[in-house]
Amino acid sequence: MKKRILIPVLALVVFFSTTAFKNDFFEIAKQIEIFTTLFKEINMNYVDDTNPGDLMDTAIKSMLQDLDPYTQFYNEQDVEASRINNAGDYTGIGAKVLTLKDKLVIVEPYKDYASDKAGLKAGDEIIKVDNVTVADFKDDAANLLQGAAGTEVSVTYKRQGKTNTVKIIRESLEIKAVPHYSMVDEKTGYVVLRKFNNKASSETISAIKALKNQGATQLILDLRGNPGGLLNEAVNITNIFVPKDQLVVTTKSKVKKYNKTYYTKRDAIDTEIPLVVLIDGRSASASEIVSGALQDMDRAVVVGTRSFGKGLVQRPKPLTYGTQMKITISRYYTPSGRCIQALDYWNRDENGKATRTKQENYNAFKTKNGRDVFDGGGVQPDIEVEFSKQTPITKAISNENLVFNFATDYYYNHKVEDLKSFKLSDTDFKKFKSYLNTNGFNFKTKTEKALNDAIKVAEEEELDAIIKSEYKDLTDALQSYKSNAIDGNKTQLKTLLTDEIIKRYFYSEGLYTYYTANNAEIKKALSVLNNPSQYASILR
């Protein structure tokens, strides 16, 4: 029997009752009717049985691809996962997991939680959960690991070529917004803020108060790798360092009710303590609100590399049957008036990719003290740590998980007992270079791709013989660059490798401890804080 679809009339009523669409009533109704008719005819008449849910899922996702990557549809499982992420609680095996096509990879077992107690290690490849083979599971297989606290799950995994099975008792896990705080020296406190969930400001305040009780008279707030989260928590974090009734962020939209201004609402914890904020290319959204606002107010020196550049604001909208969508409703602006959105998703290039604002098109704005700051491409730090900026080749190596995989092999072939004395040797780095070759790493630059495309066009136009010599010179130059590029990025690659290896032996807690003694950005922050005249001159 062919499947039939009932499209509720309520859907039309919802559209017609939304004021944002008041000028497009006819066009919206027309397109809904076309789609409804098409959808019904396919499901009733297509030669093979169809799955209406799968068809609709594909249709929705394809439609949203033409917008920005943050406007997303959430099924019921996604809604629950989002709630867990924002609440900071989690029930499962207690590990960070990467979902790949045919396996789940343990990225990090959380210290002293279920997976750690069961003996799972970073790099373990889960191929089966209970009786479900991961490769055969269509949805996100990581959901198979979640379940009620106290329930048991059987996990089959591969490690160094051997297959093992272990039973794990699921348990509740509190995901901390502030996973670490400590004293770097006798007067400098260090606070790591990794996410903006609803506990972010309370945990940060508790950390700062504890550090001040230990003698901290200056602070480093680490927002590196922080992808953002709740907007109101970004305001609350800023409020820790600036007085009540200060403008932190403004949102502007085509829908008037979404145009809002957010001010600090409470008395600050400390408006005078010298502060350095660390950011990098993975600091986004709420992290950029905090760093951008504190920079605009001349309240903190920002150190690191340019932030991600996400100046778009999303809001969840409930849909039927427990689903939701997250939709971009506005752009946010820091107190000086700059929007730091880096990518333009509405004016794409000829390949359909979002365009990046060019530096010559950045607009200048003024901080409270009259310093120039710019829009268009994330928060630019006051002091840039150049070698920490990801280059195309380091990004390509990381994206192929080659740093992660090398660290896995390193762990099973080396003993590391002393955290403070650990240092990746030049011999180890040579082994990493050999590892890249062995595993077929072949970095292809955009320039190389463009040259290949150009020579194909030249062949079609029968011009390839004329430019053959020049083409060879260019390709030889590119090959020379590529062969030297890994050595040219040695400092950053050794840092990435060191971070990943240390986590294998000492977990994230050990990595933060290692940072306080060895990390270049923290050392730069310390040098600024320990030089009051330099600190003051930067903010003037």
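The structure is a predicted model, in which local features need pLDDT of at least 70 and side-chain atom pairs count only at pLDDT 80 or more, while totals for chains, interfaces and linings use all residues. Residues are numbered from 1 along each chain as its sequence is written, and side-chain values use heavy atoms, with hydrogens and water left out.

The protein chain has 16 helices and 23 strands, which are DSSP runs (helices H or I, at least four residues; strands E, at least two) numbered from the N terminus. Its radius of gyration is close to what the globule rule gives for 540 residues, so the chain is as compact as a globular protein of that length; the radius is taken over C-alpha atoms, and the rule is 2.2 Å times the number of residues to the power 0.38.

| Item | Value |
|---|---|
| Radius of gyration of the protein chain | 26 Å |
| Box filled by the C-alpha atoms, along the principal axes | roughly 75 × 70 × 60 Å |

Of the 540 residues, 42% count as buried, meaning under 20% relative accessible area with a 1.4 Å probe, protein chains only. A nonpolar core is a set of buried Ala, Val, Leu, Ile, Met, Phe, Trp, Tyr and Cys residues joined through side-chain atoms within 4.5 Å. The largest such core has 86 residues, and Phe 432 is among the members that touch the most others. Helix α14 (residues 490-518) gives this core its largest share, 10 residues. A second, separate core of 18 residues includes Ile 93 and Val 129.

Notes
Buried < 20%, exposed > 50% of the residue type's maximum accessible area, 1.4 Å probe, protein only.
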